[in-house]
Amino acid sequence: MSTLATVPALQPARLEETLRRFAALSEPGPGVSRLAYTRLERQAHDLFASLLADLGIASYTDAAGNTIGELAPDAEPRPGAIGTGSHLDSVPHGGAYDGTVGVVAALAVAAAAGAGRPRHRPWRFVAFAAEEGARFGQACNGSRIVVGLTGAADLRQLTDRTGTTMAAAMTECGLAPERVETARWDPRDWRAFVELHIEQGTVLEHRRVPVGVVDTVSGSTRLRVSLTGVASHTGGTPMENRRDALAAAAECVLDCERLAVAAADVNTRITVGALTVEPGAITIIPGRVVFTVDVRETDYGRQRAAAHAVGQRCRTVAARRGVDVEVEELADTPPVVLSREVAAAARAAATALGLPAEVLASGASHDTQQISRLMPAGIVFVPSRGGLSHSPGEFSTADQIAVGAAVLLETMYRLDATA
Ligand code: GLV
Ligand code: MN
Ligand code: MN
């Protein structure tokens, strides 16, 4: 493929080396742990800024922690930037590819963009802050702030499991949560945005297709369910006299799974991902259990109905077992249909490079779904081995990533050339 063969910035070995540098910025333990609004996430943003600086591109970090660099147009300038990028935070013990692949590809595009082919628009390279909802429940924080969906007051409400507010974590990192309104983007300043990401599913691998073009991104409703029973002696308390919060939670968890399996649509996905048991000792009947539920759907009506059904099932189980229940909604993001124009540009880019592309939905959230509120926006996927993600086993080959970066570059040029 000509673009891959001739552009040094898109060489697989170079991309792999940059990925390795980001992966080294991790807490100890399996996989990559670089949580939202931590010292390590900031170090990754600093590395991004210094790699842009090596290319002669100045960047800044906004009040929300997003880092943005810009390359000026080099011929017949037109207003309205073309942007690309992704996020640098991870889930606990996640992989080295989720988000980082899109940032590394943005750096490769930035390096390749000077190579003789004229650009008429500014090109912007973005590392979004705090995309993962793993720490604070709310996903896509940096991108929600730039589109105006999250404001300073919201940052004081969101807490992690230790009770630290997002605002406090941001301040601790040297950011300015009280001034995040200054990070808003003006849509008149932009033309289009395109993000490269790993698929986090098996469609491309199963169909042996190197490039995915996303048409829809699933929404996500996130719940916290608290069950309160009675803690008591495991030996002394007869089975018929118990109000066991964990036994109730176990039924609720299985009901969540049943609801998703029985749903008419394969894109209905319901997961209990975190559960705490108190007091948590071998000789005590569990008195209190708190667990999270993540409801993902490509249709907002079905998403809301599924989240409602989860709450109903939990209340029914709790009532039957004499356990108190509270269901709180932590976050609610609707599904998004992405730009047909950007998708068409990505498909045309793949075709121009001689690559088959598959149109598919994304089950995972992405910053671009927020950015699409402001401008035409799209996502290009590369295959994920075994579909694994949010796991140390996450993997895409350097060749697959290089192919994705080449498609990204060609898509950027095609968007650059639009009126
Ligand atoms: C982001 O990775 C998500 O949780 O979908
Ligand atoms: Mn991601
Ligand atoms: Mn993720």
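Mentor: By class, the shell around ligand 1 comprises five charged residues, two polar residues and one nonpolar residue. The model is predicted, and what follows should be read accordingly. The residues surrounding ligand 1 are Asp98, Glu131, Glu132, Arg222, Arg296, Ala364, Ser365 and His390.

Three of these residues may be taken in turn for their contacts with oxygen atoms of the ligand. In the case of Ser365, a polar backbone atom is 2.6 Å from an oxygen atom of ligand 1. With Glu132, by contrast, it is an N or O atom in the side chain that is concerned, at 3.0 Å from an oxygen atom of ligand 1. His390 likewise presents an N or O atom of its side chain, 3.1 Å from an oxygen atom of ligand 1.

We may now turn to the helices. Two packed helices are described by the angle between their axes and the distance between the axes. Helix H4, residues 100-112, packs with helix H2, residues 12-23, at an angle of about 130°, and the two axes are 10 Å apart. An angle of that kind makes H2 oblique to H4, and the crossing of this pair is right-handed. H4 also pairs with helix H3, residues 39-54: their axes come within 10 Å and cross at roughly 10°. Angles under 35 degrees count as roughly parallel, and H3 and H4 are therefore roughly parallel to each other. H3, too, passes H4 in a right-handed crossing.

A further pair is formed by helix H11, residues 340-352, and helix H13, residues 398-416, which pack at about 125° with their axes 8 Å apart. H11 and H13 are therefore oblique to each other, and their crossing is right-handed.

Two backbone features in loops complete the account. Most residues other than glycine have a negative phi, and most peptide bonds are trans. His93, in the loop between strand S3 (81-87) and H4, has a positive phi, near 50°. The peptide bond from Glu278 to Pro279 is cis, its omega being near 0°. Pro279 belongs to the loop between strand S9 (269-278) and strand S10 (284-285).

Technical notes:
Residues are numbered from 1 along each chain as its sequence is written. Chains are lettered from A and ligands numbered from 1 in the order in which they are written. This is a predicted model: local features need pLDDT of at least 70, side-chain atom pairs count only at pLDDT 80 or more; totals for chains, interfaces and linings use all residues. Side-chain values use heavy atoms; hydrogens and water are left out. A residue is near a molecule or strand if one of its heavy atoms lies within 4 Å of it. A polar contact is a pair of N or O atoms within 3.5 Å; within protein, one must be able to donate a hydrogen and the other to accept it, and residues adjacent in sequence count only if both atoms are side-chain atoms. Ala, Val, Leu, Ile, Met, Phe, Trp, Tyr, Cys and Pro count as nonpolar, Asp, Glu, Lys and Arg as charged, and the others, Gly among them, as polar. Axes are lines fitted to C-alpha atoms, for helices over the stretch in contact, and angles run from 0 to 180 degrees between N-to-C directions. Helices (H or I, at least four residues) and strands (E, at least two) are DSSP runs, numbered from the N terminus. Angles under 35 degrees count as roughly parallel, over 145 as roughly antiparallel, 65 to 115 as roughly perpendicular and the rest as oblique. A crossing is left-handed if the near helix is turned anticlockwise from the far one by less than a right angle, and right-handed if clockwise.
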